[in-house]
Amino acid sequence: MNSMYMSLTNALSKQASLTCKNISPLDSYFKRCQAPKPQFTRIFFQVSKRRKRIVCQVNMSAQSTAGQVIRCKAAVAWEAGKPLVIEEVEVAPPQAMEVRLKILFTSLCHTDVYFWEAKGQTPLFPRIFGHEAGGIVDSVGEGVTHLKPGDHVLPVFTGECGNCRHCKSKESNMCDLLRINTDRGVMLSDGKTRFSINGKPIYHFVGTSTFSEYTVAHVGSVAKINPAAPLDKVCILSCGISTGLGATLNVAKPTKGSTVAIFGLGAVGLAAAEGARIAGASRIIGVDLNPNRFEEAKKFGCTEFVNPKDHNKPVQEVLAEMTDGGVDRSVECTGNINAMISAFECVHDGWGVAVLVGVPNRDDAFKTRPVNFLNERTLKGTFFGNYKPRSDLPSVVEKYMNKELELEKFITHQVAFRDINKAFDYMLAGEGIRCIIRMDA
């Protein structure tokens, strides 16, 4: 099978005068994991002129691994704050309304680090973290009808059951069944884990656990995407990038030529700036306490920068003076309560809209004068950029495929799966934006 796959790939590559770089690493499907060898029912290639790549989509027989335990490598967090350990784990088959995924690429998000450090609500170990990823459906459980083995997908930390009031509403993406739950370490269907080592359960994280070569997720938390999309790029859309992008495009909704302030120039803030760039904002003002971020932010459309430390007055007053009364839109991406208040108070009266994205401390209180609301300023919050995972993420992927959205500039590091702890080192040191973890390396 491998030889036929390579010969077909090489032949098509030569015919199309394109390289085979970034073809989904299906060879490693056989080599890396002790899984039953899939039976292929159909293989076809697609040439994407737009991205100059060849895509191999494989439809696998549903019987290839269905109902069988798979042994594979996973990065297990045994204790809070301690380096992850690459272990051989057993991954049980998917149950009703679940799918088992072969993860090909994953990335590290601040949320992973936050709960790995046990700063979250309820520390739970041993655990497999990870929630930004791209992969291929391995097998499906009972009742799954819209996904099949071989589909290219993005697992998501939240979900879309399709049946609750939130899912049926065009105004909400906060699914009653699958809304993010950082405390839960088991599957919904039976309250058990799908990971184990020598019979000892290993807990899940936000229903995804993508720091494993195979994982199991609820079908409502898996978005099927265009198979031509490079998974090593679009995998970062599973969380932070979509959150910031959607906060601007779906919630703040700046018009062409408007002025937008972005508070916090981390990954989410830069994605919010990218959204403002796509919307055609004429001025995008980055606000951050770290001046080292300003140069990088220019790549994402930021035209001006403000460091609150450089002024002896509240930053909202600085912004109001810069913009003749206030910005048209602001997006707050830090979770700092003072930044949240500033983001609201810096928007223009009459039409200004402020959107809160960052997660504050539980006991924080938002304090502002009621007259700010009476003067027709609007304050909004957002979750995952108001994207419904299954319905909306495919269209975000298409923005990238159509070259409207630029993802490469978010990816600053890449490491092999065996070196996953380097990704933690980069983030803890404040280096880079997103680090891609290649599961086949």
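A: A salt bridge here is a side-chain nitrogen of Lys or Arg within 4 Å of a carboxyl oxygen of Asp or Glu. This is a predicted model, in which local features need pLDDT of at least 70 and side-chain atom pairs count only at pLDDT 80 or more, while totals for chains, interfaces and linings use all residues. Residues are numbered from 1 along each chain as its sequence is written, and side-chain values use heavy atoms, with hydrogens and water left out.

Q: How many salt bridges does the structure hold?
A: The structure holds 20 salt bridges. One of them joins the side chains of K409 and E274, with an N to O distance of 2.7 Å. That pair links distant parts of the chain, 135 residues apart, since K409 sits in the loop between helix 12 (389-401) and strand 18 (411-416), and E274 in helix 7 (residues 267-279). Helices (H or I, at least four residues) and strands (E, at least two) are DSSP runs, numbered from the N terminus.

Q: Are K409 and E274 buried or exposed?
A: Both K409 and E274 are buried, where buried means under 20% relative accessible area, exposed means over 50%, and partly exposed lies in between, with a 1.4 Å probe and protein chains only.

Q: And what about E98, which residue does its side chain meet?
A: The side chain of E98 meets that of R194 in a salt bridge of 2.9 Å, N to O. E98 lies in strand 5 (residues 98-107) and R194 in the loop between helix 4 (165-168) and strand 8 (195-197), so this pair ties together parts that are 96 residues apart in sequence. E98 counts as buried at 1% relative accessibility, and R194 is buried too, with a relative accessible area of 4%.

Q: Which residue does K313 pair with, and how exposed is K313?
A: K313 meets E321 through their side chains, again as a salt bridge, at 2.9 Å from N to O. K313 is partly exposed, with a relative accessible area of 30%, whereas E321 counts as exposed at 56% relative accessibility.

Q: Which residues are joined into one network by shared partners?
A: Salt bridges that share partners connect E274, R277, E406 and K409 into one network.

Q: Switching to cysteines, how many disulfides are there?
A: The count comes to zero disulfides, a disulfide being a pair of cysteine sulfur atoms within 2.5 Å. C167 is in no disulfide, and the nearest cysteine sulfur, that of C164, is 3.6 Å away. C167 is buried with a relative accessible area of 13%, and C346 is buried with a relative accessible area of 0%.

Q: How many aromatic pairs, and what's the rule?
A: The count is 13 aromatic pairs. Rings of Phe, Tyr and Trp (its six-membered ring) pair if their centres lie within 6.5 Å, and planes under 30 degrees apart count as stacked, over 60 as edge-to-face and the rest as tilted. One aromatic cluster is formed by Y114, F115, F125, F129 and F205.

Q: What else joins strand 19, and how covered is it?
A: Strand 5 and strand 19 run antiparallel and are joined by three bridges, and the partner of S107 in strand 19 is I436. Strand 19 is mostly covered, with four of its five residues buried.

Q: What order do the strands of the four-strand open sheet have?
A: The order is 3-4-8-9, with antiparallel pairing. Strand 3 (70-76) and strand 9 (200-202) are the edge strands, each pairing on one side only. Strand 4 (residues 85-91) and strand 8 pair in the antiparallel sense over two bridges, and V91 stands opposite F195 in strand 8.

Terms used:
Pairing = 2+ DSSP bridges.
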